[in-house]
Amino acid sequence: MHEPLDHLLNYFSLRAGVFYTGNICGLHDFERDQTHGHLHLIKNGPVQLLESGQPAITILQPALLFLPRPEKHRLLANDRAGADVVCASIVLGNSVHQPISDSLPDRVLIALDQIPGINAILAWMFEEAFENRSGRQAILDKLCEILIIRMLRYCLERGVIAGGTLAGLADPQLSKALEAIHQNPGLDWTVAVLATRAGMSRARFADRFHQVVGKPPADYLTSFRIMLAQRLLARGRPVKAVALDVGYGSSSALHHAFVRKLGMSPSDWLKAQSDMHEK
């Protein structure tokens with residue numbers, strides 16, 4: 001069996017895009033983001049995280065702050081000295097199925113000296129972040145992705161994972177059902193069949209799956225199939241072939257599943273993706 005994190009990273013996108021590096025003084029605003037997580041790497045403080053309806057968090061030492069589902073928020077630094085930060089948007093899945101992000105709490109705050117083995121990564125990242133050199137953006141993005149993987153490993157090992165797919169894959173019984181779905185999403189996976197894979201009764205499996213993963217097995221299967229369909233459609237595969245690959249018997253069945261889950265048809269979704277890339 002794969003380790004839970006390795007298994008998820010084989011199936012789901014991880015992409016980082018560094019969008020700010022430098023010194024912030026006073027208030028720096030960040031808008032709500034429904035499709036990306038926000039990573040704030042604090043090289044030095046103090047910095048306060050301010051979110052509406054949430055208690056302020058004061059960061060006094062070098063730290064990693066990750067908001068998997070960011071609402072509008074602010075970073076507040078000293079008006080004189082400011083604070084050196086690296087900020088990035090993080091994709092962990094796609095718009096309909098973000099199993100890694102869904103497994104994390106609303107705020108992940110970790111002192112950098114608590115994450116083993118990242119000193120070399122941080123030194124390289126900060127060197128690139130605060131110097132203007134050829135290939136800087138690409139290097140920063142890749143280093144940021146490595147940093148996120150280290151963060152996820154830390155969260156998994158320290159029990160920070162609150163639920164979701166990652167928690168399900170860490171469960172010896174549920175992991176068998178989840179891996180079956182991931183490896184063969186086109187099969188006719190009923191709750192009874194998945195329960196058998198997990199070695200549990202149907203009722204116990206359904207209850208435990210919902211409790212740990214956060215949604216019923218049928219909902220999870222649909223989300224995974226739509227995510228996979230999006231990936232295949234984006235690669236140019238015909239709708240009819242995609243429908244068969246992901247477990248829908250016809251183009252019309254995939255169409256109805258898309259509309260139920262996303263509020264748009266596969267063709268409308270593809271057009272929206274094309275329009276987004278053209279902007």
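## Close-up views of a predicted model

**View 1. Residues 175-272, the span of an annotated domain.** The end C-alpha atoms of residues 175-272 lie 34 Å apart, and the span is 74% helix and 0% strand, where helices (H or I, at least four residues) and strands (E, at least two) are DSSP runs numbered from the N terminus. An unreviewed UniProt entry lists these residues as "domain: HTH araC/xylS-type"; such annotations may be inferred rather than shown by experiment. The model is predicted, so local features need pLDDT of at least 70 and side-chain atom pairs count only at pLDDT 80 or more, whereas totals for chains, interfaces and linings use all residues. Residues are numbered from 1 along each chain as its sequence is written, and side-chain values use heavy atoms, with hydrogens and water left out.

**View 2. The crossing of helices α6 and α7.** The axes of α6 (residues 191-198) and α7 (residues 202-213) come within 9 Å and cross at roughly 90°, the axes being lines fitted to C-alpha atoms over the stretch in contact and the angles running from 0 to 180 degrees between N-to-C directions. The two helices are therefore roughly perpendicular to each other, a class that spans 65 to 115 degrees. Val 191, Ala 192, Leu 194, Ala 195 and Ala 198 of α6 meet Arg 202, Phe 205 and Ala 206 of α7, with contact meaning heavy atoms within 4.5 Å.

**View 3. The surroundings of Arg 107.** Arg 107 is found in the loop between β8 (83-92) and β9 (108-111). Its side chain makes a polar contact of 2.6 Å with the side chain of Glu 51 (a pair of N or O atoms within 3.5 Å, one able to donate a hydrogen and the other to accept it; residues adjacent in sequence count only if both atoms are side-chain atoms). The side chain of Arg 107 also reaches the backbone oxygen of Pro 55 at 3.3 Å.

**View 4. The open sheet of five strands.** The strand order is β1-β8-β3-β6-β9, with antiparallel pairing, two strands being paired if DSSP finds at least two bridges between them. Because β1 (14-24) and β9 stand at the edges with a single partner strand each, one side of each is left without a neighbour in the sheet. Ten bridges join β1 to β8, and Ile 24 stands opposite Ala 83 in β8. Helix α2 (residues 119-129) packs on the sheet, touching β1, β3 (37-42) and β8, and its direction makes about 95° with that of β3.

Terms used. Parallel < 35°, antiparallel > 145°, perpendicular 65-115°, else oblique. Lists of a residue's contacts leave out its neighbours within four places in sequence.
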